[in-house]
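Trainee: Could we go through this one together? I'd like to know what the terms rest on, not just hear them.

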Amino acid sequence: MMSRVSSSTALAEAVSCYAAVLLGLMLMLSCCEPGEGGEVNMNVAATWPCDEIYVVREGETLHTISEKCGDPYIVEENPHIHDPDDVFPGLVIKITPFNNIRI
């Protein structure tokens with residue numbers, strides 16, 4: 001004997017399905033920003049400068065972050081970093097790219 005699914009359960013499942021499809025579409029579109037000339041640039045993060053507030057990721061060091069973001073003075077700008085070798089994922093640091101510093 002087949003059990004009947006109530007209309008509210010069927011509606012909830014349909015809404016859930018559409019929400020999952022919409023979320024997947026939004027995720028796909030968020031990583032594919034148009035580049036120069038209209039082509040899609042799949043490596044957008046590498047072309048953007050670092051944000052002023054930066055969260056350290058797994059495997060990063062102050063040296064790699066400094067090169068990536070163009071900020072040679074990370075330790076001087078972040079007094080909460082007492083030991084430059086003690087950098088861990090999740091650490092929040094301030095970034096000031098060298099090309100944005102005004103003298």
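Trainee: Then what is isoleucine 95 in contact with, leaving aside its neighbours within four places in sequence?

Mentor: Quite a list: Cys50, Asp51, Glu52, Tyr54, Ile65, Cys69, Asp71, Ile74 and Glu77. Isoleucine 95 itself lies in the segment after β4. Take aspartate 71 from that list: 24 residues separate it from isoleucine 95 in sequence, yet C-alpha to C-alpha the two are 6.4 Å apart in space.

Trainee: Is isoleucine 95 buried or exposed, and how do you know?

Mentor: Its relative accessible area is 2%. Buried means under 20%, so isoleucine 95 is buried.

Trainee: How confident is the predictor about the chain?

Mentor: The average pLDDT is 76, and 63% of the residues score at least 70. Over residues 40-47, though, pLDDT stays under 50. The model does have 13 contacts beyond four places in sequence for that stretch. Where pLDDT is low, the predicted coordinates should not be read in detail.

Trainee: What does the chain look like overall, in helices and strands?

Mentor: It has four helices and four strands, and along the sequence they follow the pattern α-β-β-α-β-α-α-β. Of the 103 residues, 18% are buried.

Trainee: Which residues of helix α3 are buried?

Mentor: α3 covers residues 62-69, and Leu62, Ile65, Ser66 and Cys69 are the buried ones.

Trainee: And what makes you say that they line one face of the helix?

Mentor: Look down the axis of α3: the buried residues fall within an arc of 100°, so they line one face. On the other side, His63 and Glu67 are exposed. The cover over the buried residues includes β3 (53-55), α4 (74-77) and β4 (92-94). Just after α3 comes glycine 70, with a positive phi of about 75°.

Trainee: What makes the link of cysteine 50 and cysteine 69 a disulfide?

Mentor: Their sulfur atoms are 1.9 Å apart, and the cut-off is 2.5 Å. So the pair qualifies as a disulfide, and the structure holds one.

Trainee: What does this pair tie together?

Mentor: Cysteine 50 sits in the loop between α2 (44-47) and β3, while cysteine 69 is in helix α3, so the pair ties together parts that are 19 residues apart in sequence. The angle about the S-S bond is -75°, and the link is left-handed.

Trainee: Which residues make up the largest nonpolar core?

Mentor: There are twelve: Cys50, Tyr54, Val56, Leu62, Ile65, Cys69, Ile74, Ile81, Val87, Leu91, Ile93 and Ile95. α3 gives the most to this core, with three residues. As for Leu91, beyond four places in sequence it touches Tyr54, Val55, Val56, His80 and Ile81.

Trainee: Why does valine 87 count as buried?

Mentor: Its relative accessible area is 18%, and the limit is under 20%, so valine 87 is buried. Valine 87 lies in the loop between α4 and β4 and touches Val56, Glu60 and Leu62, not counting residues up to four places away in sequence.

Trainee: And aspartate 85: buried or exposed?

Mentor: Exposed means over 50%; aspartate 85 is at 73% relative accessibility, so it counts as exposed. Its place is also in the loop between α4 and β4.

Trainee: Last one: what can you tell me about asparagine 78, and why is it called buried?

Mentor: Asparagine 78 is in the loop between α4 and β4. At 3% relative accessibility it falls under the 20% limit, so it counts as buried. Its side chain reaches the backbone oxygen of isoleucine 74 at 2.7 Å, and the cut-off for a polar contact is 3.5 Å. Beyond four places in sequence, asparagine 78 touches Ile93 and Lys94.

Terms used: Residues are numbered from 1 along each chain as its sequence is written. This is a predicted model: local features need pLDDT of at least 70, side-chain atom pairs count only at pLDDT 80 or more; totals for chains, interfaces and linings use all residues. Side-chain values use heavy atoms; hydrogens and water are left out. Buried means under 20% relative accessible area, exposed over 50%, partly exposed in between (1.4 Å probe, protein chains only). Helices (H or I, at least four residues) and strands (E, at least two) are DSSP runs, numbered from the N terminus. The arc is that of the directions from the helix axis to the C-beta atoms. Contact means heavy atoms within 4.5 Å. A polar contact is a pair of N or O atoms within 3.5 Å; within protein, one must be able to donate a hydrogen and the other to accept it, and residues adjacent in sequence count only if both atoms are side-chain atoms. A nonpolar core is a set of buried Ala, Val, Leu, Ile, Met, Phe, Trp, Tyr and Cys residues joined through side-chain atoms within 4.5 Å. pLDDT is the predictor's confidence in each residue, from 0 to 100.
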